[in-house]
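Let's take a friendly walk through this model, one element at a time. Keep the structure open beside the text as you read.

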Amino acid sequence: MTKNWAFAVGINQYNPNNFPLLQYAKRDAEAVRDFFVNAAGFTEVCLFTDDSPDLALPNGAIVPTRPTLGNLVSFLTDRFEQPFLSTGDNCWFFFAGHGVQYGNRDYVLPMDAPNPRGQQPTYAIAVNDIRERLLRSGADNVILILDACREEVGRSGVRDEWESQQGVITIWSCSPKQRSWEVDELQQGVFTYALLEALRLPGERSCATVERLSNYLKDRVPKLCQHYQKPTVQIPRISADPSEKHHFILLEEHAWDTDILTLKNDAMHLAFIENKLEQAEYCCFRANAAARGRDRQIFDLYYRIRQLRENAPPQPQPEPRPQPVTPTPPSGGRSVPEVVREPEPEEKLRSEKGIDYTKLRDLLKAQKWKDADKETYLRMLEVVGRKDGDYLRVEEIKQFPCEDLRIIDQLWVKYSNGKFGFSVQKKIWQECGSPTSYNDDWEKFGDRVGWRVNVKGEWLSYSDLNFSLTAPSGHLPSSRFRFRVGWWAAAGVGWLSGEGRRGDCWGSSLALRLVNCNL
């Protein structure tokens with residue numbers, strides 16, 4: 001059984017000569033503590049607020065919990081000196097208070113921090129230092145949740161970027177340079193209000209995985225800010241390292257059948273395509289915990305991966321196929337399957353809509369990448385009843401059949417040896433911050449997949465794409481939409497006009513469709 005341990009901090013009473021007093025940060029930390037204990041059944045939650053009582057450690061030591069720099073650093077040092085959690089457990093950290101960004105690094109501010117006044121905040125606590133301490137807990141899943149502003153206090157001469165926290169899941173209430181708002185009508189911070197709202201959703205609406213929680217917060221928080229007439233935008237930022245942690249189940253009691261199947265698919269892909277056996281074993285462990293040990297297929301996969309890691313000869317049994325298992329749609333949220341569908345023995349070339357993908361398979365097998373790209377475009381048009389020369393509309397993308405997306409993706413991934421495909425593009429998109437509008441993250445995505453010449457900041461025309469295996473990962477399929485930056489931009493996240501000027505944003509319809517289809 002997975003253990004959940006948490007450390008929650010909420011600070012209202014900053015020195016008013018240094019920082020504005022906050023109204024609801026303490027209340028936010030207490031609300032998160034109450035949810036963790038009463039609704040989620042956490043093993044232990046350590047609370048540090050302006051007036052929280054002293055805390056007794058397992059060794060009998062009494063720790064003051066007033067969130068000063070000295071108390072916070074002492075607790076992070078002493079409590080995490082020795083591991084106290086195990087593989088499969090979750091270690092959570094929640095902070096509500098002031099935060100700053102300096103030199104592309106993020107900091108949270110204890111209640112006695114002086115105003116850095118444009119200098120490096122030496123009396124603050126770097127988020128990276130918190131991450132390093134929490135990783136010593138012994139848990140293999142660390143979740144940082146930070147409800148704090150990220151206003152910049154100094155210039156380093158370096159382009160402002162998202163500070164990646166390796167090995168953990170990081171959920172920021174806002175993007176760099178943005179403010180995190182409080183709302184009197186809610187008597188809470190906007191982000192924490194939306195976070196607790198999301199974690200309480202039941203059944204098919206649940207946000208049990210990092211991916212679904214991320215999508216919910218990125219949609220809900222800006223809408224709340226607009227509703228309560230906040231003067232600037234606030235967009236949460238979520239990252240997961242490694243990227244497979246986007247599929248990890250945060251709250252097992254709200255997991256879907258498809259969540260477990262997705263983790264199992266990740267394990268198979270990591271083990272038999274990417275040869276990342278340690279990460280594959282980890283995915284199996286998490287899937288088994290969510291399935292409560294009742295999925296025999298996970299056990300078999302886990303022990304086969306263990307044998308590969310130990311260089312032992314595998315037991316005679318059919319080789320697991322690396323393509324994803326086709327999941328059964330959820331029917332009530334949290335049920336756990338006793339029997340899971342096996343991977344199909346042969347690649348599927350015809351969908352339930354009657355679309356035949358044999359020609360696409362043959363072109364990919366022959367490595368005729370440009371012809372295969374056009375064939376992909378034609379078959380996608382056929383799915384929605386359109387013809388060559390037309391393009392998909394946003395409303396059609398939002399409802400595009402998951403089965404057809406999955407067939408196309410499996411064929412591209414298989415015959416490019418994992419270099420091309422929808423799922424490859426989605427993984428890179430997530431690593432770039434899952435952008436839902438045209439911004440720096442979208443440009444990073446374009447740079448990563450090779451659709452943009454980042455030296456000049458220009459997007460390639462279709463004729464300039466690289467239709468060979470020397471192209472960057474995720475470069476294909478691009479499809480043949482008449483917008484010159486490619487079909488992801490045109491139909492998914494944001495697009496440029498044929499002349500290269502910035503155009504209107506169409507929303508994240510395609511990217512979110514891939515997420516919803518568990519590709």
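K26 sits in helix α1, where helices are DSSP runs of H or I with at least four residues, strands are E runs with at least two, and both are numbered from the N terminus. The model is predicted, so local features need pLDDT of at least 70 and side-chain atom pairs count only at pLDDT 80 or more, while totals for chains, interfaces and linings use all residues. Residues are numbered from 1 along each chain as its sequence is written, and side-chain values use heavy atoms, leaving out hydrogens and water.

Is K26 buried or exposed? K26 counts as buried because its relative accessibility is 17%; buried means under 20% relative accessible area, exposed over 50% and partly exposed in between, with a 1.4 Å probe and protein chains only. Leaving aside residues up to four places away in sequence, K26 touches G10, I11, N12, T49, D50 and D51, contact meaning heavy atoms within 4.5 Å.

Now follow α1 to its packing partner. Helix α1 (residues 25-39) packs with helix α4 (residues 190-199) at an angle of about 10 degrees, their axes 10 Å apart. That makes α1 roughly parallel to α4, a label for angles under 35 degrees. Axes here are lines fitted to C-alpha atoms over the stretch in contact, and angles run from 0 to 180 degrees between N-to-C directions. On the α1 side, D28, A31, V32 and F35 meet T192, L196 and L199 of α4.

Finally, look at a hairpin. Strands β6 (residues 99-102) and β7 (residues 105-108) run antiparallel, joined by 4 bridges; pairing requires at least two DSSP bridges. Y102 stands opposite R105 in β7. The hairpin has 2 residues between its strands, and G103 takes a positive phi near 60 degrees.

Conventions
Parallel < 35°, antiparallel > 145°, perpendicular 65-115°, else oblique.
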